[in-house]
Amino acid sequence: MSDGGTADFVPSAALDAAIARTAELLRDARSTVALTGAGLSVESGIPPFRGPGGLWTKYGEPPLDGYQRFLRDPAAAWRERLRPTEGWARGLRDTLDAARPNAAHRALVELERRGLLACTITQNIDDLHRQAGSRALLEIHGNHRWLRCVECHRRFEPEHVAVDPERLPPRCPACDGVVKGDTVQFGEPIPPAVLRACYDAVERADCMLLIGTSGTVYPAAEFPFEVLRRGGTVIEINPYESELTGMVPLSLRGPAGAVMERLLHHVGALADPRRASA
Ligand SMILES: [Zn+2]
């Protein structure tokens with residue numbers, strides 16, 4: 001990728017020192033949680049929703065009462081899911097299908113593997129953390145590939161629910177309830193199980209990495225402040241200033257992929273001091 005890509009970004013000495021400091025914070029933390037948002041996936045080819053070049057700017061916005069529409073006519077919503085006719089739905093599907101995990105997704109997997117990351121909470125629905133190999137993953141707004149029962153809230157990989165275009169909507173294999181896409185729509189409450197798991201993880205955390213999130217969408221927006229309130233530390237990684245910049249102790253300004261790769265380098269250097277000067 002060219003613009004903001006990982007290969008051509010060289011961190012300044014000040015930024016690199018801040019990244020090295022972050023590696024120490026991760027080493028010393030009891031429990032680190034990553035909170036990721038749309039900015040993380042920009043380097044995977046998924047533009048943000050709003051703003052110039054945004055998906056919704058280009059294709060139009062989804063209806064603000066999407067969830068109520070689903071409940072009123074699940075079969076119609078399913079026909080739209082299977083063969084999207086609305087511009088925003090088609091644009092989103094094509095974009096998500098083409099996206100692949102980037103260096104930042106992979107770095108989070110590596111931090112998890114090294115025992116330095118307790119879990120990743122993501123606001124993204126794009127499945128890229130899962131494709132990269134994250135295991136402790138909380139998808140607070142759901143996953144565009146997965147399905148979920150509106151009655152018992154069980155989540156299913158698509159292969160585990162029979163979808164017959166002649167008999168929509170599909171039914172839950174567990175309770176026979178109506179099944180919808182797992183993505184949390186406008187007007188839809190966040191499923192209670194994932195919300196509870198997020199609060200549990202945040203309550204245990206004494207360190208939080210904020211990556212590519214503007215920190216404006218609730219309830220995720222309150223997570224970093226909960227960590228700070230209990231004396232923990234929060235590090236923001238974002239190419240642009242956000243509403244959180246200035247409110248968190250450490251801000252690393254740069255593309256997520258490049259900064260996270262450099263963070264991995266410093267984490268390795270702490271484990272093996274001979275690598276420190278590389
Ligand atoms: Zn069910």
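Let me begin with a term: on a 1 Å grid over the protein atoms alone, a pocket is an open set of points with protein on both sides within 12 Å along at least five of seven lines, and its lining residues have an atom within 4 Å of a point. A volume is the space filled by probe spheres set on the points.

This is a predicted model, in which local features need pLDDT of at least 70 and side-chain atom pairs count only at pLDDT 80 or more, while totals for chains, interfaces and linings use all residues. Residues are numbered from 1 along each chain as its sequence is written, and side-chain values use heavy atoms, with hydrogens and water left out.

The second largest pocket holds about 190 Å³ of space, and among the 16 residues that line it, His 153, Arg 155, Pro 191, Ala 193 and Val 194 lie nearest its centre.

Turning to the metal, the zinc ion is coordinated at 2.2 to 2.4 Å by the SG atoms of Cys 149, Cys 152, Cys 172 and Cys 175, where donors are N, O and S atoms within 2.8 Å of the metal (3.2 Å for Na, K and Ca). In sequence, these donor residues follow the spacing C-x2-C-x19-C-x2-C.

Conventions
1 Å grid on protein atoms, 1.4 Å probe; cavity = no way out; pocket = protein on both sides within 12 Å on 5 of 7 lines; lining within 4 Å.
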